[in-house]
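Below is a short note for a colleague who has not seen this structure before.

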Amino acid sequence: MGGGAKAAVGIVVIVAIVIPILLGYVLVHGSLLPVSQNTGTGTATGTGTSSTPTVIMPQGVGNDQSLNFQPSTIRLVIGTNNTIEFMDEDNTAPHNVWFTSIPSGATNPNTAASQASFYQLHQGDSVTYTLTVPGTYDFECQFHSTWMQGTITVTS
Ligand SMILES: [Cu+2]
């Protein structure tokens, strides 16, 4: 092959192979430059730990049987976030938080804070419990026990 033929082959290689590869790379990556780190925004999801989880008694839950404690299933971890707050945001009826089942060996939360059966929380009231024994704690609102029920699972 003479020099002119070699040059022609070189041009053909560039046009037929190198350029399509480069164009393909740009199509896929958007640039010939290296892809830099992701700088987008997003929302973290999952069941992480927080200092004091809050359970809401939402507005209307005194009448609306489709509502409940929010959330009604809670996981706590001793030493990380085993304190939980219940906040009453409803003005349609009094509520309370009454434990119906607690783990063996746990102090009954119902005896805390001078709470008698059918004590009342009103809009803006809250109660806080620190649970120190692992296990399952079932609770309800005694005034609306058919639809206001929840469970706390405490792990060590
Ligand atoms: Cu209630």
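1. Layout. One helix and seven strands make up the chain; helices (H or I, at least four residues) and strands (E, at least two) are DSSP runs, numbered from the N terminus. Starting at the N terminus, the order of elements is α-β-β-β-β-β-β-β.

2. Basis. This is a predicted model, in which local features need pLDDT of at least 70 and side-chain atom pairs count only at pLDDT 80 or more, while totals for chains, interfaces and linings use all residues. Residues are numbered from 1 along each chain as its sequence is written.

3. Of the chain's 156 residues, 18% count as buried. A residue is buried if 20 or more other C-beta atoms lie within 10 Å of its own, exposed if 12 or fewer, and partly exposed in between, with C-beta atoms placed from the backbone. Among contacts (C-beta atoms, placed from the backbone, within 7 Å) with a separation of 6 or more, 71% join residues 24 or more positions apart.

4. The open sheet. Three strands are arranged in the order E1-E3-E5, with mixed pairing; two strands pair if DSSP finds at least two bridges between them. E1 and strand E5 (126-130) are at the edges with a single partner strand each, so one side of each has no neighbour in the sheet. From one strand to the next, the twist averages 15 degrees, taken between axes fitted to C-alpha atoms, with angles running from 0 to 180 degrees between N-to-C directions.

5. Pairing within that sheet. E1 and E3 are parallel and share four bridges; Ile 56 has Met 87 in E3 as its bridge partner. E3 and E5 are antiparallel, with five bridges, and Phe 86 is opposite Val 127 in E5. Val 55 and Met 57 form the covered face of E1, Thr 54 and Ile 56 the uncovered one.

6. The core. The largest nonpolar core has 17 residues, and Leu 76, Ile 84 and Leu 131 are among those with the most contacts inside it. Such a core is a set of buried Ala, Val, Leu, Ile, Met, Phe, Trp, Tyr and Cys residues joined through C-beta atoms within 7 Å. Leu 131 touches Leu 76, Asn 82, Tyr 137, Ile 152 and Val 154, leaving out residues up to four places away in sequence.

7. Glu 140. This residue of strand E6 is buried, because 20 other C-beta atoms lie within 10 Å. Beyond four places in sequence, the contacts of Glu 140 include Trp 98, Thr 100 and Met 148.

Methods:
Contact = placed C-beta atoms within 7 Å.
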